[in-house]
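Take a look at the chain and its ligand below.

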Amino acid sequence: MEERPLEREGVDRAFIGRLVREFYRRVRHDERLGPIFGREITGDWEPHLEKMTDFWCSVILKTRSYQGRPVPAHVKLKGVTEDDFDIWLSIFAETADDLCDPDTAKVFVERAERIAQSLKLAMFFRLPVAATRGPMPA
Ligand code: HEM
């Protein structure tokens, strides 16, 4: 079933833009994630922040403002581990808790966790070697 747009007072594009900016401000200060993003975004951060605002508006408000493809953007990243996703998610949850009321924070965090799970599957899931060799099991 298609998810409905979240309708909550104060949760609009301007608010999402502030949340995104505060989240990436914290990410850039993180000793592990800061350098990963610093390698990829070498110039102006504004285009990334606007893209991420479009992305979160699409996820939460169903605006369809983001038309990109997150999977290839992450699969090509070098040196990112599954543990890095835990760091990403904890900074995201802290930021949402600080800026949103608890019910709204819960919606953002649940969506982030779900998307992180599918990005991790795309980046790290490999069939066990045994399953890629030999005859099909009967
Ligand atoms: C450790 C975890 C993660 C790392 C290191 C990471 C890193 C990056 C980097 C370096 C970019 C490219 C920035 C640019 O050049 O504009 C990017 C793009 C993006 N990230 Fe992540 N990311 C992580 C997790 C996530 C999660 C959990 C989400 C969603 C909930 C997400 C959503 C996106 C989106 C939508 C884009 C834009 C892709 C595009 O259309 O180009 N990322 N990420």
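Which helix gives the most to the shell around the ligand? It is α3, with 5 residues. Keep in mind that this is a predicted model.

At least two residues each come from α2, α3, α4, α5 and α6. Helix α4 covers residues 70–75. In total, 22 residues surround the ligand. The closest are Phe37, His48, Lys51, Tyr66 and His74.

Three of these side chains can be followed atom by atom. In Tyr66, an N or O atom of the side chain is 2.6 Å from an oxygen atom of the ligand. With His74, the ligand contributes a nitrogen atom, 2.9 Å from an N or O atom of the side chain. As for the site itself, the ligand takes up the space of the largest pocket.

Now step back to the whole chain. It has 7 helices and 0 strands. Read from the N terminus, the order is α-α-α-α-α-α-α. Along the principal axes, the C-alpha atoms fill a box of roughly 60 × 40 × 25 Å. The chain has 138 residues, and 38% of them count as buried. Take the contacts with a separation of 6 or more: 79% of them join residues 24 or more positions apart.

Next comes the core. The largest nonpolar core holds 40 residues. Ile16, Tyr24, Trp56, Ile60, Trp88 and Phe108 have the most contacts inside it. Five helices each supply at least two of its residues: α1 (13–29), α2 (33–40), α3 (46–61), α5 (82–99) and α6 (102–124). Helices α2, α3, α5 and α6 also each supply at least two residues of the ligand shell.

Phe108 shows how the core is joined. Leave aside its neighbours within four places in sequence. Phe108 is then in contact with Val11, Phe15, Ile16, Leu19, Trp56, Ile60, Phe92 and Cys100. Among these partners, Ile16, Trp56 and Ile60 are also listed with the most contacts inside the core.

Beyond its neighbours within four places in sequence, Thr95 is in contact with Leu19, Glu22, Phe23 and Arg26. Leu19 is also one of the contacts of Phe108.

Pro102 lies in helix α6. Its relative accessibility is 66%, so Pro102 counts as exposed. Pro102 and Ile41 are 61 residues apart along the chain, and 32 Å separates their C-alpha atoms.

Lys62 is not a glycine, yet its phi is positive, at about 60°. Arg64, also a residue other than glycine, has a positive phi near 60°. What of their exposure? Lys62 has 29% relative accessibility, so it counts as partly exposed. Arg64 is exposed, because its relative accessible area is 63% and the cut-off for exposed is over 50%.

Technical notes
Residues numbered from 1 in each chain as written. Predicted model: local features only at pLDDT ≥ 70, side-chain atom pairs only at ≥ 80, totals over all residues. Heavy atoms only, no water. Core = buried A, V, L, I, M, F, W, Y, C linked by side-chain atoms within 4.5 Å. Buried < 20%, exposed > 50% of the residue type's maximum accessible area, 1.4 Å probe, protein only. Helix = DSSP H or I, 4+ residues; strand = E, 2+ residues; numbered from the N terminus. Contact = heavy atoms within 4.5 Å. Near = heavy atom within 4 Å. Polar contact = N/O pair within 3.5 Å; in protein donor to acceptor, adjacent residues only side chain to side chain. 1 Å grid on protein atoms, 1.4 Å probe; cavity = no way out; pocket = protein on both sides within 12 Å on 5 of 7 lines; lining within 4 Å. Sits in = over half its atoms within 2 Å of the grid points.
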